[in-house]
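User: I have a protein model open and have not looked at it before. Can you walk me through it?

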Amino acid sequence: MAHLRNRGLGATLGAAPILRRVAIVQGMRFAPLVEPAPALSPAERRRYARHTRLVELGEVGQRRLAAARVLVVGAGGLGSPSLTYLAAAGVGTIGIVDDDVVEVSNLHRQPLHGESDLDRPKVESAAQRLYEINPHVRVVTHQERFSATSAPELLDAYDLVVDGADNFATRYLVTDACALAGKPHVWASINTFAGQLSVWWAGHGPCYRCVFPDPPPPGSVASCAEAGVLGVLPGVLGSLQAAEVIKLITGIGDPAVGRIVLHDALAGTWDEVPVRARPDCALCGETPTITAVEDPEAPPAVPQVEVAELRDLLGSDEAAGQGLVVLDVREESEFVEGRILPSVHVPVQQLLAGAADAEVGSWLAAGNEVVVYCRGGVRSDQAVAYLQRRGLDSARSLTGGIIAWSAQGD
Ligand SMILES: [Zn+2]
């Protein structure tokens, strides 16, 4: 049964009313999460005039936003729009957790950062941009990986969490920490052309583990780095996350608790599936077995090679030109500036996308020893993990990358 959802908009559009399938999920309303801050200053009144004009939000809603403390995990694809709109909307305290630096391959989907931010910590680049957008908000940077050690204390300082993590380990940590603290957790995930979003909130609806009890086996799900992602997609889902945050803080509308919103950018469609809290959930069920936040088991360490050993390998006649393949996985601009000779060049994104699978196959067939390097050793670790999944067990990563190589000689 179709139901006329929004008469106002339907009327402005003339013919087409906005339709919604109410049969799927009944909307769930919640009390505002945050008590309002004292009165807005005249400067804030001018800035938020289009917000306070909204009957549902009003000045009280804006004061709730001013008093709110939101933690955003990840200042990447999803974090870019959610941080931007949360700052613009006047969320009083915005925490950012991220331990990455800005890389050139981030820029197609992370417009929070620009060309001049390359190699800067993302939290720094993000904070600077957010203060430019709105000097009335306070940005707290946590330049670290979200971990079991820091999670409980971090969560204490915030009202709710936006999950913009790009990996399952962090996603499950955020899930566990939020459910144990009883705080809502605005989640989204994206891949290639599709995205999903939900608000997980143990005690008020399902938690993420009610629907996805355990992380998938490492390597079984392709990451964005491996499978690719349409740059605008995190923009869509991250903006939607910001909208859910604003709704939760101010108590307006129906937050996406108990349903997963699905968007297919290629088909241009939106859908939603209802999800329920499970009494046997290990995290939020009747007899939970997860009662503390714990770091997941570390993935198997990537085999390393030290600078001195690589120099020996390159110096020996036997290895030079035969048997040993030195693979540079940095970007083109870094490669032309200086490299280890002789080396083969395949940027890590292309490698992970399978662009060099034919070469990888030939190295495997020839029994080559493969040493991978990048700037500092992070991308080369990713590349080696990929090569090992392709069966190239001999692949090793140069510890410290070309920085360490240059520091010890050339
Ligand atoms: Zn649960």
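Analyst: The protein chain has 17 helices and 15 strands. This is a predicted model.

User: How many residues are there in the protein chain, and what share counts as buried?

Analyst: There are 410 residues, and 46% of them count as buried.

User: And what share of the contacts comes from residues 24 or more positions apart?

Analyst: Among contacts in the protein chain with a separation of 6 or more, such residues account for 68%.

User: Let's go to the metal. What are the protein donors of the zinc ion?

Analyst: The donors are the SG atoms of Cys 207, Cys 210, Cys 281 and Cys 284, and they lie 2.2 to 2.3 Å from the zinc ion. In sequence these donor residues follow the spacing C-x2-C-x70-C-x2-C.

User: What geometry does the site have?

Analyst: The site of the zinc ion is tetrahedral, with angles of 94 to 118° among the four donor atoms. For reference, the ideal angle for four tetrahedral donors is 109.5 degrees.

User: Is Cys 281 buried or exposed?

Analyst: Cys 281 is buried, because its relative accessible area is 1% and the cut-off for buried is under 20%. Cys 284 has a relative accessible area of 24%, so Cys 284 is partly exposed.

User: Now the sheets. What is the strand order in the sheet of eight strands?

Analyst: The order is E5-E4-E3-E6-E7-E8-E9-E10, in an open sheet with mixed pairing. Its edge strands are E5 (138-142) and E10 (269-274), each of which pairs on one side only. On average, neighbouring strands in this sheet are turned by 15° against each other, direction ignored.

User: How do E3 and E4 pair?

Analyst: Strand E3, residues 69-73, pairs with E4 in the parallel sense, over five bridges. Opposite Arg 69 stands Thr 93 in E4.

User: Which strands of that sheet does H6 touch?

Analyst: H6 packs on the sheet and touches E4 and E5, with a direction that makes about 175° with that of E5. Helix H11 (residues 233-250) also packs on this sheet, touching E3, E6 (160-163), E7, E8, E9 (259-264) and E10. The direction of H11 makes about 170° with that of E7.

User: Back to H6. How do the axes of H5 and H6 cross?

Analyst: The axes of H5 (residues 79-88) and H6 (residues 122-133) come within 9 Å and cross at roughly 35°. The crossing of H5 past H6 is right-handed.

User: Which residues make the contact?

Analyst: From H5 they are Leu 83, Thr 84, Ala 87 and Ala 88; from H6 they are Ala 126, Leu 130 and Ile 133.

User: Moving on, what is the order in the sheet of five strands?

Analyst: This open sheet has the order E11-E15-E14-E12-E13, with parallel pairing. Strands E11 (304-305) and E13 (344-345) are the edge strands, pairing on one side only. Helix H16 (residues 378-389) packs on the sheet and touches E11, E12, E14 and E15 (396-398). Its direction makes about 150° with that of E14.

User: How many bridges join E12 to E14?

Analyst: Five bridges join E12 (residues 324-328) to E14 (residues 369-373), and the two strands run parallel. Leu 324 has Glu 369 in E14 as its bridge partner, and Val 325 stands opposite Val 370. Two bridges join E14 to E15, also in parallel, with Val 372 opposite Ser 397 in E15.

User: Why is E14 largely enclosed by the rest of the structure?

Analyst: E14 is largely enclosed because four of its five residues are buried.

User: Last topic, the backbone. Where is the cis peptide bond?

Analyst: The cis peptide bond joins Leu 341 and Pro 342, with omega about -10°. Pro 342 is in the loop between H13 (332-337) and E13.

User: What is phi of Asp 119, and what is phi of Thr 192?

Analyst: Asp 119 has phi near 75°, and Thr 192 has phi near 45°. Each value is positive in a residue other than glycine. Asp 119 is in the loop between E4 (93-97) and H6, while Thr 192 is in the loop between E7 (185-191) and E8 (194-200).

User: What is the relative accessibility of Asp 119, and of Thr 192?

Analyst: Asp 119 is at 45% relative accessibility, so Asp 119 counts as partly exposed. Thr 192 is at 29% and counts as partly exposed.

Key. Residues are numbered from 1 along each chain as its sequence is written. This is a predicted model: local features need pLDDT of at least 70, side-chain atom pairs count only at pLDDT 80 or more; totals for chains, interfaces and linings use all residues. Side-chain values use heavy atoms; hydrogens and water are left out. Donors are N, O and S atoms within 2.8 Å of the metal (3.2 Å for Na, K and Ca); water is not among the atoms, so sites may look incomplete. Four donors count as tetrahedral if all angles lie between 85 and 135 degrees; four count as square planar and six as octahedral if opposite donors are over 155 degrees apart and all others between 65 and 115; anything else is irregular. Buried means under 20% relative accessible area, exposed over 50%, partly exposed in between (1.4 Å probe, protein chains only). Two strands pair if DSSP finds at least two bridges between them. Contact means heavy atoms within 4.5 Å. Axes are lines fitted to C-alpha atoms, for helices over the stretch in contact, and angles run from 0 to 180 degrees between N-to-C directions. A crossing is left-handed if the near helix is turned anticlockwise from the far one by less than a right angle, and right-handed if clockwise.
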